[in-house]
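Me: I would like to work through a structure in questions and answers. Please show it first.

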Amino acid sequence: MIVGEQKPIGEIKQILSPYKRVLVLGCGTCVKTCFAGGEDEVAVLSSALRLVFKKEGREITIEELTVERQCEDEFIREAAPAVSNNAAVLSLACGAGVQAIARRFIDVPVLPGVNTTFIGVLEKQGLFTEECLGCGDCKLAVFGGVCPVTRCSKKLLNGPCGGSRAGKCEVNPETDCAWQFIISRLEVLGQLDNLRKYNPPKDWRASHAGGPRKLVREDHII
Amino acid sequence: MSSEIQSNLEGVLDRGDFAVTAECGPPRGADPEVIRKKGEFLKGYVDAVNVTDNQTAIVRMSSIAASVHLLQMGLEPVMQMVTRDRNRIALQSDILGAYSLGIKNILCLSGDHQSFGSQPDAVNVFDIDSINLIHTVRDMAESGKDMSGYELNRPPRMFIGAAANPFADPFEYRVIRLAKKIDAGARFIQTQCVYNLDRFKEWVRLAREEGLTEKAYILGGVTPLKSEGMANYMAKRVAGMEVPEAIIRRMAGVSKKKAAEEGIQICLETIAALREIKGVHGVHIMAIEWEEKVGALVEAAGLAPRPAAV
Amino acid sequence: MEKNFKPQITVFHCINCFSGDLESSIPSRSDGVLKSVKMACSSMVKDVFLLRAFESGSDAVIVMVCPEGQCRYVEGNIRAKKRIEWVKKLLDEIELDGRRLSLHPIDSGDPDAATGIIGRVLSEVSALGPNPAG
């Protein structure tokens, strides 16, 4: 899932200041799971915004709506009437959703209410961890299912570095050293020989470094 | 290998002499006098001087430029190169430039993460890692081609080194990593500074068992302690560093005035011990902001004068 | 400070820590207006309900919970505590003052506890003044 965090309310207030009628548009998929932009978060944010604008004597009406996903037309269409009712849309979707809404409703400013951060998993209640940065050339088989590109702070393919200490990364004592995980996992799998092998420099062309990417499935286009 | 002129450091090691290297951090500014002053302290006492590359991710004069300043005053640099700040295009370009300017030794490193330094807001590169870099420099020398397969006019033929940390985790894996670096092309290894001789000796023994000491020259790192405070700081705040209790007690057990002397004494004992370890071919003295002590240290250790540069 | 300020207080409580009808059990006061919301468990108090209480004009909001370890549904009072802490921070961020919201453990066996809590909150909120977004 995509993980993000709602922007601080001070920043959202700033972003909304030019507008008198705002639609707070939530998304029921990824951002709902990480408590950034689902229906509940739309309700709380809208309430807090009404309170703060009232306190400042500012007139603003806030409409609340949540659609299943903001990255698919089928659901985006449902927001059309509400969008046309308002002067601006504050989208609580991930960056992809915000942009999808923005280019389908070009006459209305579509503003982000969430800082999108990473592709990750719900590791346990309340804890989301970054797992994949979408390099486009997955080598998890070599590394025992632990990604050194995403989870090693230095993207080392022949790690660890000299800063690995007690299983933690030099960058942050709370960050686990991915290479410690890789070594432990390969030990369990009886594949430590993988580590003896030289891993050549990564071909970054399939990653974002090669430019913004597209996937076209001709077999699904009529 | 072709008959390009060997670096001085390579010559000393090949002849079986116990080598001495030291370190020089370039200034946070464009004033070459700082380097020249440090160089003056080291001249005649070392076979080569490491020049760091934006160490701790703090912006300093570039390693290649500082290395040239040292060359110009008759010292031989070991240019350090990290993969944190530059991609493979820039790294290869700098290797070509460095060699063209007369730099013959290179130490390949990943580099401290930028979050430690003066620009934590910068993006890092890490296009390739240190082992990829070692491989690249070796390939350029042996095949005469760059990473894209292009034949270089005058390929660089540098004496390649790598760093090793016998004190980081996981211990058992450290020798595998060392083997990887040597297989990739590292011919000399400089270690993190040694205070725990037992652990260091164990690491060298494991390296010997793997046949690694036959393939590369290990230079044990040393850093003379200036005070009890410094010993504590290094023990607790520096990643991958180990300072045994016994050493801290020794530093604590003398008056503040005598602390530096005790630190030098411990350092001399370490150097003497290093000379006795089979498979250790030199010492790398990292006298951080204490370069003026290197000369006295080398002399007291019986390692002066250094063999004249060939 | 307005002399005629009569704070409006909304009290959320679970029926396990206070089983009666709050408005009628507490001796009627001339210094405040009380409204209560009963829940099966205090964990049912969602953040949006607390904010909407302020939106509808409350000057202070009280959440009463069972004492630690005594929640009939085991974790309900812990969840309520975390939520109230979160909303207090939000109230501070929007400058409504998080002190207007408070959480109080109350033993169902103590009939006067509720009176005491409400009395204390009334005097605190008189000092804070009316809800700036009221």
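Me: At roughly what angle do the axes of helix 6 of chain B and helix 7 of chain B cross?
Reply: This is a predicted model, in which local features need pLDDT of at least 70, side-chain atom pairs count only at pLDDT 80 or more, and totals for chains, interfaces and linings use all residues. Residues are numbered from 1 along each chain as its sequence is written, and chains are lettered from A and ligands numbered from 1 in the order in which they are written. Helices (H or I, at least four residues) and strands (E, at least two) are DSSP runs numbered from the N terminus, while axes are lines fitted to C-alpha atoms, for helices over the stretch in contact, with angles from 0 to 180 degrees between N-to-C directions. The axes of helix 6 of chain B and helix 7 (residues 197–209) of chain B come within 10 Å, and they cross at roughly 50 degrees.

Me: Which word describes how helix 6 of chain B and helix 7 of chain B lie to each other?
Reply: Angles under 35 degrees count as roughly parallel, over 145 as roughly antiparallel, 65 to 115 as roughly perpendicular and the rest as oblique. The axes cross at roughly 50 degrees, so helix 6 of chain B and helix 7 of chain B are oblique.

Me: Which residues of helix 7 of chain B meet helix 6 of chain B?
Reply: Two residues are in contact if their C-beta atoms, placed from the backbone, lie within 7 Å. Nonpolar means Ala, Val, Leu, Ile, Met, Phe, Trp, Tyr, Cys and Pro, charged means Asp, Glu, Lys and Arg, and the others, Gly among them, are polar. The residues of this helix contact divide into five nonpolar, no polar and one charged. From helix 6 of chain B come B:R174, B:V175 and B:L178, and they meet B:W203, B:L206 and B:A207.

Me: Which helix gives the largest share of the side of chain B that touches chain A?
Reply: In this interface, 22 residues of chain B are in contact with 22 residues of chain A. Helix 5 (130–143) and helix 6 (171–184) of chain B are the elements that give two or more residues to the chain B side. The largest share, five residues, comes from helix 6 of chain B.

Me: How many residues does helix 3 of chain A give to the side that touches chain C?
Reply: Here 12 residues of chain A are in contact with 13 residues of chain C. Helix 1 (9–16) and helix 3 (39–55) of chain A each supply at least two residues of the chain A side. Helix 3 of chain A gives the most, with 10 residues.

Me: Is C:D31 buried or exposed?
Reply: C:D31 lies in the loop between helix 1 (22–25) and strand 2 of chain C. A residue is buried if 20 or more other C-beta atoms, placed from the backbone, lie within 10 Å of its own, exposed if 12 or fewer, and partly exposed in between. Because C:D31 has 11 C-beta neighbours inside 10 Å, C:D31 counts as exposed.
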